[in-house]
There are 2 protein chains.
Amino acid sequence: VIELRALSGLPEVEPGADLAALLAAADHDPRPGDVLVVSHKVVSKAQGRTRELAAIEPSAQAAELTERHGLADARQVQAVLDETAEIVRAARGVLICRTRHGFVCANAGVDTSNAPDGHVVLLPRDPDGAARELRVALSHRPAVVIADSFGRAWRHGQVDVAIGVAGLAPLDDRRGRSDRAGMTLRATWIAVADQVAAAADLARAGKDSGTPAVVVRGLQRYVTESDGPGAAALLRPRAEDLFT
Amino acid sequence: VIELRALSGLPEVEPGADLAALLAAADHDPRPGDVLVVSHKVVSKAQGRTRELAAIEPSAQAAELTERHGLADARQVQAVLDETAEIVRAARGVLICRTRHGFVCANAGVDTSNAPDGHVVLLPRDPDGAARELRVALSHRPAVVIADSFGRAWRHGQVDVAIGVAGLAPLDDRRGRSDRAGMTLRATWIAVADQVAAAADLARAGKDSGTPAVVVRGLQRYVTESDGPGAAALLRPRAEDLFT
């Protein structure tokens with residue numbers, strides 16, 4: 001049995017906030033083996049990873065992309081470019097980017113929703129490191145997943161994925177193990193941390209955005225003593241990418 | 001609070017089996033508002049959607065693809081081609097296909113794992129229809145999601161997605177609603193049914209494959225009286241596809 005419970009009682013997170021202390025004070029009952037899933041936005045805010053649009057001077061490239069693709073605001077586009085290692089596609093009002101961390105997502109994860117007025121929120125610096133820091137600061141050292149919502153190439157809607165992980169096996173490699181009929185499994189290699197992020201969003205979605213943290217209970221078999229390889233292990237290397 | 005519980009006591013599913021009757025007899029406690037997530041494989045088997053490899057004569061195209069891309073078995077490739085509307089990519093031992101239903105996935109969903117000896121399992125015929133049929137045959141008419149594991153273009157591992165849906169809102173469209181700061185959300189359009197499929201897999205994974213069904217409790221806000229648009233609503237139309 002798996003149980004998911006959104007944490008209530010978390011205040012608005014300000015730059016420099018001690019996120020671990022805020023989470024520890026929120027209404028929950030931490031137990032060993034729990035997984036704490038945190039929306040990336042509160043991590044970014046605590047890190048001060050926001051930018052004021054008025055302070056951004058768009059480059060010629062940002063202005064050109066904005067005009068050519070009918071984007072909304074060249075200063076936002078500049079913020080996206082500053083987070084981007086490679087533009088994968090530019091079309092229909094969105095830039096699909098590979099971020100400097102290696103994530104492929106819309107607008108390099110730069111987001112205006114739930115941002116302070118006139119600001120954008122960036123992805124956290126070193127999300128795996130941020131997950132490790134949160135983990136060690138929380139009682140019972142829960143596994144920690146930092147989540148963001150990503151779109152998909154061939155499906156509508158977004159699903160939450162793991163962009164930072166500590167203390168949880170990000171992948172469950174069952175390739176080559178036998179199935180019940182004794183045959184080799186085709187390609188059963190489960191993105192556990194991404195499924196945990198997606199599950200946690202269900203406990204949050206439909207509510208207002210004041211519930212950025214969810215406790216998941218019942219995943220002890222994936223919770224590890226060490227911090228493990230993190231969400232970096234979920235990134236398909238550029239050389240294996242068939243779609244860029 | 002959301003709770004996920006794998007159903008035990010489901011026997012091996014044979015062609016022509018009454019899947020609803022088998023699910024009704026399995027060990028669970030159905031309640032109104034529950035979501036029943038079923039692995040596509042038992043649906044396919046009940047529909048007789050398996051093929052014996054020995055009875056397949058590979059076409060010249062199947063033989064050519066097999067040789068050029070180092071694939072394992074031209075008869076399996078023929079089974080894939082027979083389910084395929086369009087080959088999206090062929091590389092590194094895998095065919096990425098758009099199926100006749102419109103799903104983009106590896107090998108058009110044709111699978112050898114947990115298949116009867118010498119057979120492959122195909123995706124179900126009309127998965128949304130199969131979900132609707134299951135729903136109406138079960139007591140308390142739970143929402144039904146039929147799930148399969150899909151890879152992702154830029155991330156390692158697979159996550160379960162919804163290929164058939166009845167009685168559950170597949171998407172939660174929060175685009176344009178205000179967030180807490182009063183700004184417009186960027187693109188918050190949640191693929192609810194895919195997140196439900198992913199969550200359910202966590203309740204199954206790590207166990208043997210004899211647990212193809214999971215009951216999800218606590219998602220009443222997404223459960224609908226009518227069957228709704230089904231998983232078809234999750235497919236990005238070919239004309240909006242940036243990556244084929």
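Predicted model: local features only at pLDDT ≥ 70, side-chain atom pairs only at ≥ 80, totals over all residues.
1. Residues are numbered from 1 along each chain as its sequence is written, and chains are lettered from A in the order in which they are written. Local features need pLDDT of at least 70, side-chain atom pairs count only at pLDDT 80 or more, totals for chains, interfaces and linings use all residues, and side-chain values use heavy atoms, leaving out hydrogens and water.

2. Now the interface as a whole. Contact (heavy atoms within 4.5 Å) links 79 residues of chain A with 79 residues of chain B. The two chains bury about 7100 Å² between them, 51% of it on carbon and sulfur atoms; buried area is the accessible area (1.4 Å probe) that two parts lose on being put together, summed over both.

3. Polar contacts are worth a look too. The rule finds 38 residue pairs of this kind across the interface, both residues at pLDDT 80 or more. A polar contact is a pair of N or O atoms within 3.5 Å; within protein, one must be able to donate a hydrogen and the other to accept it, and residues adjacent in sequence count only if both atoms are side-chain atoms.

4. Which elements of chain A touch chain B? Strand S1 (2-6), strand S8 (143-151) and helix H6 (192-204) are among those that each supply at least two residues. H6(A) gives the most, with nine residues. Helices (H or I, at least four residues) and strands (E, at least two) are DSSP runs, numbered from the N terminus.

5. One strand pairing crosses between the chains. S1(A) and S1(B) run antiparallel, joined by three bridges, and Leu4(A) has Ile2(B) as its bridge partner. Strands count as paired if DSSP finds at least two bridges between them.

6. Within chain A, please also see the open sheet of three strands, ordered S4-S5-S6 with antiparallel pairing. S4 and S6 stand at the edges with a single partner strand each, so one side of each has no neighbour in the sheet. Three bridges join S5(A) to S6(A), and Ile96(A) stands opposite Ala106(A).
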